[in-house]
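I opened my notebook for a first look at this entry. These are my notes, in the order I made them.

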Amino acid sequence: MKALLKRKWGRRTYAQQKAAWGVIYVLPWLIGFVLFFFVPLLASLRYSLSSIQANAQGISIQFTGLANYIQALTVNTSFNRALIGSITDVFVNVPLIVIFSLFLAVILNQKFPGRAIARSIFFLPVILASGVIMALESTSLIEAVNQSSMGGSALGTFEIENLMLDAGLGEWVVMYLSGAVDRIYQIVSQSGVQILIFLAGIQTISPQLYEASKMEGATGYEAFWKITIPMVSPLIFVNVIYTIVDSFANNAMTTLIRDTGFVKFDFGLSSAMAWVYFVAIAVILVIVSLIFSKRVFYQD
Amino acid sequence: MMISRLLSLEQWKSWLWSVVRFTLITGLSFVILFPIFQKISTSIKDKSDLYSAVVVWIPQNFSIENFKQAIRVMDYWATLLNTFALSATTTILTTLSCALAGYGFARLKFKGSNLLFAGVILTILVPPTTILIPVYLNLKSFDLMGLMTLIAGKPANLLNTYWPFILTAITANSLKAGLYIFIFRQFFRGIPKEVEEAAYVDGAGISRTFARIMLPNAIPSIVTVLLFSFVWQWNDSFYTTTYLTSSKVMSTQLSSLPYNLAQQVSDGASKADPFYLSMIQDTGILLAILPLIIIYLFVQRYFVESVERTGIVG
């Protein structure tokens, strides 16, 4: 039997062997995917359509149709606000983070003394940006006192705001920019991974391209727009998606969903909220992909 | 004459740019480092320096009292050990399972493997909150399709054990595992096919080729995944505060720190000074991230280089 098996195995072509091994290599993930992702995903959809009662025998699930969704969207006081708040946050932050990280990656790629130190400082947020630390920081009294004793950032930007308004810039542009200045720490601390990705991308652009353009008389500014931007455009796409997913992973909305589930023990409502949230994210991702797929430049 | 003038203009421009760049980088570095410096400064202050108008950065009376308090309230050494054990275990298991899956998806194509890879992408896109409750209930009465009931008579409760983390790590479904599979797949796709074929001609089977040739080549991506996975597990509050409510790991200790402080640090019947509590809390945060910063100081150069060489870029 063993010999037969071996002969059968041996007679397979290389491609067939590879396919068989492929199944084996992917199998652990597949088990986990079914067990810890796919089945729970379906279960969550089912919970969202049911009323769930925990009792001595475990839990009883009763189908109630869209009641949970209706409750989340029309009755619950904080759901709509949290949802809209987290979506606007994403639309405000994502462009800032992506542009900022591209800009910094370009700078960190240039040669200057202290480059190694600058790089290690800029990637520090990758290890420090964490939910708990951020949350505790915002409640820290000492931080708050220190900030106000240093004059506060509000005063500084107030003057710049007036200056820009006088210069004739539109009001919302000014508000957006001054808001960006106020949130600089948040933006810097959320762009560590994105800077890394851009930096890696910029370093794969062949230097000949820049040399050739320099021969033709292009300035650094032109080279950036005509070479760097098109060459890293697939990565802009990747980073936009990553930033969106990342900023949706931990915010007021997820806190609300968890509290509804684990503090109020309303599993049905919590699941419904989670699904509305997921659908909202999916719609945003689809729209963003559609916008980008037309503009991204691929070398092949 | 004209040329030298132009040259000087060029030089002037590049000099100006250097200044702007220097200012920018120093400023932003300051923004990043400021909170850390502030915590260090706060943590070595004595209680009496808190209200002193003279003290801004360097305290008048140095004190390690804050550290003592924070270490006591957080049960720091035990917590450190637990967190380290948990992070190291999940990191190694996750890296292994994700490397296997990544290689499988990159090079060992089989019928339906593209469809399954779409599943990997789906795990990245679906927010963990959406499936939290079913996974939680599943772990609360873990019953591998009736297998557990068959062996032990009842489903096992895996909450407050390390099993949820180990199981998801073995099966490449732990925190952000989809991203790691993606990184590995991108990297393995970048290795020339000829390498693999040469190994096959020399008589190496597929598993041997993977272990002896592919993995050693993949060190940059392995380092990237190891570090990301370790750090994110260390900092993770999402899963740990759900699955490990009573166990002492860093993020659960941190999130309950304000409460524990208010309970344990009060002098007699009077309520403790909120500023003083905040001071110890800052020390606690510093203690929690300190091991990471120390590790980072040693590996940062290697880390940056290896991420640059990883296949993230594709």
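At what angle do helix H2 of chain A and helix H3 of chain B pack? I found about 145 degrees, with the axes 8 Å apart. Axes are lines fitted to C-alpha atoms over the stretch in contact, and angles run from 0 to 180 degrees between N-to-C directions. Helices are DSSP runs (H or I, at least four residues), numbered from the N terminus.

The model is predicted: local features need pLDDT of at least 70, side-chain atom pairs count only at pLDDT 80 or more, and totals for chains, interfaces and linings use all residues. Residues are numbered from 1 along each chain as its sequence is written, chains are lettered from A and ligands numbered from 1 in the order written, and side-chain values use heavy atoms, without hydrogens and water.

I listed who meets whom. Lys18(A), Tyr25(A), Val26(A) and Trp29(A) of H2(A) touch residues of H3(B), including Leu100(B) and Phe105(B). Contact means heavy atoms within 4.5 Å.

Next I checked two loops. Phe265(A) lies between helix H15 (252-262) and helix H16 (267-295) of chain A. Its phi is near 55 degrees, a positive value in a residue other than glycine. Phe265(A) is exposed, at 52% relative accessible area. Ala172(B) sits in the loop between helix H7 (163-170) and helix H8 (177-190) of chain B. Ala172(B) also has a positive phi, about 55 degrees, and is not a glycine. At 2% relative accessibility, Ala172(B) is buried. Buried means under 20% relative accessible area and exposed over 50%, with a 1.4 Å probe and protein chains only.
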